[in-house]
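Please look through the sequence and the model below before reading on.

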Amino acid sequence: MLSQKNSREVKYILSVKVPRSLLEEVEGYIEHLALAMVSEINGSSSANTYSKDNKICNLKLYLDSLDSCESAKLAIRAGLIEARHPMLEIETDTVPNIDWVEKYQRESPALKIADFYLYQSHITPPLNEKKSIIINASNAFGSGDHPTTKACLLTIQKLSSRGFKPKRVLDIGTGSGILAVASAITWMTHVTAVDNDAVSVRVAKRTVIENKCSNKVRVIFSDGLSASDIIRAQQYDLILANIFSRSLKLISKTISKKTKQGGYVVLSGLLDSQAEEIIHVYQNVGLNIDHSLDIDGWKTLVLKKIKKALTKGG
């Protein structure tokens, strides 16, 4: 999937060969500059994937000007120098004038993940698919084809099969709104979806409308969990957060505070190497590991806020 941040025209591709261990760090240097970031391994394209054999990710940045290319190169080099990492190989190429969103929509097949059938508007879903979700190509992350999104959908299905029925769900970093809609149609419950990107908020609202979930899903703009609606809200039975690990660390205390006793927290967007640290951070705020999922080198953690046992005299 190509996930663009806005409608500016893509003119250049900056290619960077990044060791797996530095992937998120390098993304952090330039995510504010790129219109999109994807990777290509052995000729196939998949967002933020990497080669398991040599542990190298060919990260590609889609940019709109030569100035942006130079700024991205400087940001990468400055970050590497400050962190005392060796320099990385960087190449710049021009790209044809292509409507990437339209191209993705035209070529994208439907996806079947657990009980969910994900499709574009040019596809008619089979009548026997009870959990169909229309996800049109857009400028927001979340089509279902990335391992982290797939793991979250599988987790929703697994929790449902256990008999878990949350009354209130919070989706942090909603992107296209796919996880919010999946939660709403699985449990017929109230979902609050938040994102700190205005484009994603618009796209998620459209996804909610297209899937006839407006009465169950509310989408709001929030930088982290700072929105007044979140601060004033009651605790949630389920919190989904498919975002970068550094953001997960920053909001760990707030996530725990907003999780009901006995509730679940699903943390995705993690490389295998980042999971142990995140588990430790969240254990320190009262959330313990229930189980995890590993898909293509990405790890999703399912945590539970254990109910405190009553003690005599207390």
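Just after helix α6, Lys212 adopts a positive phi of about 55°; helices here are DSSP runs of H or I with at least four residues, strands are runs of E with at least two, and both are numbered from the N terminus. This is a predicted model, in which local features need a pLDDT of at least 70 and side-chain atom pairs count only at pLDDT 80 or more, while totals for chains, interfaces and linings use all residues. Residues are numbered from 1 along each chain as its sequence is written, and side-chain values use heavy atoms, with hydrogens and water left out.

Helix α6 itself covers residues 198–210, and because its 13 residues at 1.5 Å each should span 18 Å, the 19 Å between its end C-alpha atoms agrees with expectation; the expected span is 1.5 Å times one less than the number of residues. Its buried residues (under 20% relative accessible area with a 1.4 Å probe, protein chains only; exposed means over 50%, and partly exposed lies in between) are Val199, Ser200, Val201, Val203, Ala204, Thr207 and Val208. These buried residues pack against β8 (131–134), α5, β10 (190–195) and β11 (217–221), where a contact means heavy atoms within 4.5 Å.

Strands β10 and β11 also belong to an open sheet of seven strands, in the order β11-β10-β9-β12-β13-β15-β14 and with mixed pairing; two strands pair if DSSP finds at least two bridges between them. At the edges are β11 and β14 (288–295), each of which pairs on one side only. Within the sheet, β12 (residues 236–242) and β13 (residues 259–271) pair in the parallel sense over six bridges, and Asn242 has Ser268 as its bridge partner in β13.

Leu238 touches Leu159, Phe164, Pro166, Arg168, Val169, Leu170, Trp187, Tyr264 and Val266, leaving aside residues up to four places away in sequence.

As for confidence, the protein averages a pLDDT (the predictor's confidence in each residue, from 0 to 100) of 83, and 83% of the residues score at least 70. Over residues 1–7, however, the pLDDT is below 50, and it stays under 50 over residues 40–54.
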